[in-house]
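Open the model in your viewer and keep the selection tool at hand. The stops follow below.

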Amino acid sequence: MSSPGTYQCSTTSYELRCNECGKTYGNRPLSACPDCLAPLEVQYDLDSVRGRLTRESIARGPASMWRYQDLLPVIRAFQPDLPVGFTPLVRARNLGRRLGSNNLYLKNDAVCSPTLSFKDRVVSVALANAQAFGFTTVGCSSTGNLANATAAQAARLGLKACILVPSDLEAAKVLNTQVYGARLVRIAGNYDHVNRLCTLIADEYRWGFVNVNLRPYYAEGSKTVGYEIAEQLGWRLPDNVVCPMAGGSLIRKIRKAFQEFVALGLVEDKPVRFFGAQATGCSPIAHAVKNGWDLIEPQRPQTIARSLAIGNPADGPAAARMIQETGGWAEDVSDVELVSGIQELAEDEGIFTETAGGVTTAVTARLLSQGRIGRDELTVVCITGNGLKTTDALHGRFAEEYAVRPKLSDFDQYIRSVEPELFGIQAEPALAGGAH
Amino acid sequence: MSIRIVLPTALARHTEGQKSFESQAQDLPGLLAEFELRYPALAQNVKDTNGKLRRFVNVYVNDEDIRFLGGEDHRFADGDEVMLIPSIAGGC
């Protein structure tokens, strides 16, 4: 074991700070305050960019999250390599009609480059810091998406990667990690067991764990979702944000992004309510919000939404508190509902999301039907991962189609029988009461 | 009865670098009282102003979170390994 590297504040306008006791620690691979043991967060000197950072200067930047580089914890000389982020923000008219919203938008990180989840953003920032600290081996504890993102970007940067995952992870997420040449270690336990082990490994090995000892830097990458939402809405803030919650970090960082833009005069201030989405089988943060707590009772996860299956969320207390402060709410949905959410989003908007996105979509439906989100309020729903990674969730959902002989007459007979509406023929209801 | 306490580096600075040692504590309040006598700086580091364990410290008994076992009411058994980890990170 050797002492970790540091880099000097003189070259940067940010440093680690404890949110509990206010002590600052410069820049080093450290996730908890040595004095009060609370999580550390990156604090910025926004005055260092005030006036220099404008809507125009940002818009002149690259079409990636690195257009906001001045607001990210990377050394000034950092040269971004990959065009991560700047994913589409799309109006969701069809889904909105289905759910009862006239003003619904989707932030689509299912198409984030390079590995199709928002984790590409956080890993970019974490690995920039891993390099600044001189780590040559990096790792993470992961429910899948983070494993993919870390493995891919480590490969590109020439860093060795050792990635720990729960043994029941979806096959696609395992393969999408191994293909990059990373060492993947399956741990016989749930994510919380994996996470604790990684904390111990980071304590003993001189490795940069993106979500352990590099976590304060890593987490800042999530802010770029918020910056992009504000810019893509035409430099304004939405009324509501609906966000999936696992560790509870992303939802807070979107708010931090909005607050920084307000502080810099880039957007007008307004109240934004934050809504958290979890699967009922692992819903410690939603449970806390519903009870008005800012303490988390850990849970043993039991859901197919494995990317959200964190029973002891690191930022859970802070997320629960923040949601309540903004007048928002948190909801949780069953595995059946989340699969319907995946399908509705795909059928209505042409976006195939993973289980976490199904949770977020189903929770948005619930919030609209409860009246917690108003029909005309501008609401942004964060879709954070791609459905190609969790096709198991839809296994058996679609019957294998009959193989038609390659003859026009056979095709004609077949298509008229299965799609009569295409030929102006009214379909007979399949069941009493009708399917539609 | 004896249990084994395991500490990470961040807390071992208060125990002259010892990351593992034996204890006779019967439960979590007993363990904190023992810290007070043997390693006052450690006790100060892990306890809040009310004398309770800080909310950022996680306690595991043989790999299980003590909150699943009854928290402060849980009685340790002979040979248990009790691990204290500050502010579990991870997650998204």
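Start with helices α4 and α5 of chain A: their crossing is left-handed (the near helix is turned anticlockwise from the far one by less than a right angle). Helices here are DSSP runs of H or I with at least four residues, strands are runs of E with at least two, and both are numbered from the N terminus.

A word on the source: this is a predicted model, where local features need pLDDT of at least 70, side-chain atom pairs count only at pLDDT 80 or more, and totals for chains, interfaces and linings use all residues. Residues are numbered from 1 along each chain as its sequence is written, while chains are lettered from A and ligands numbered from 1 in the order in which they are written.

Select residues 145-157 (α4) and 171-178 (α5) of chain A. Their axes, lines fitted to C-alpha atoms over the stretch in contact, come within 8 Å and cross at roughly 15°. That makes α4(A) roughly parallel to α5(A) (angles under 35 degrees). Now show side chains: Ala147(A), Asn148(A) and Ala151(A) of α4(A) meet Lys173(A), Asn176(A) and Thr177(A) of α5(A). Contact means C-beta atoms, placed from the backbone, within 7 Å.

Next, the sheet. Six strands of chain A form an open, mixed sheet in the order β3-β4-β12-β9-β10-β11; strands pair if DSSP finds at least two bridges between them. Select β9 (240-244) and β10 (273-279) of chain A: they run parallel over five bridges. Find Cys243(A); its bridge partner in β10(A) is Gly276(A).

Last, show both chains. Here 30 residues of chain A are in contact with 20 residues of chain B. Select helix α6 (191-204) of chain A, which gives the most to chain A's side, with seven residues.

Technical notes. Contact = placed C-beta atoms within 7 Å. Axes fitted to C-alpha atoms, helices over the stretch in contact; angles between N-to-C directions. Parallel < 35°, antiparallel > 145°, perpendicular 65-115°, else oblique.
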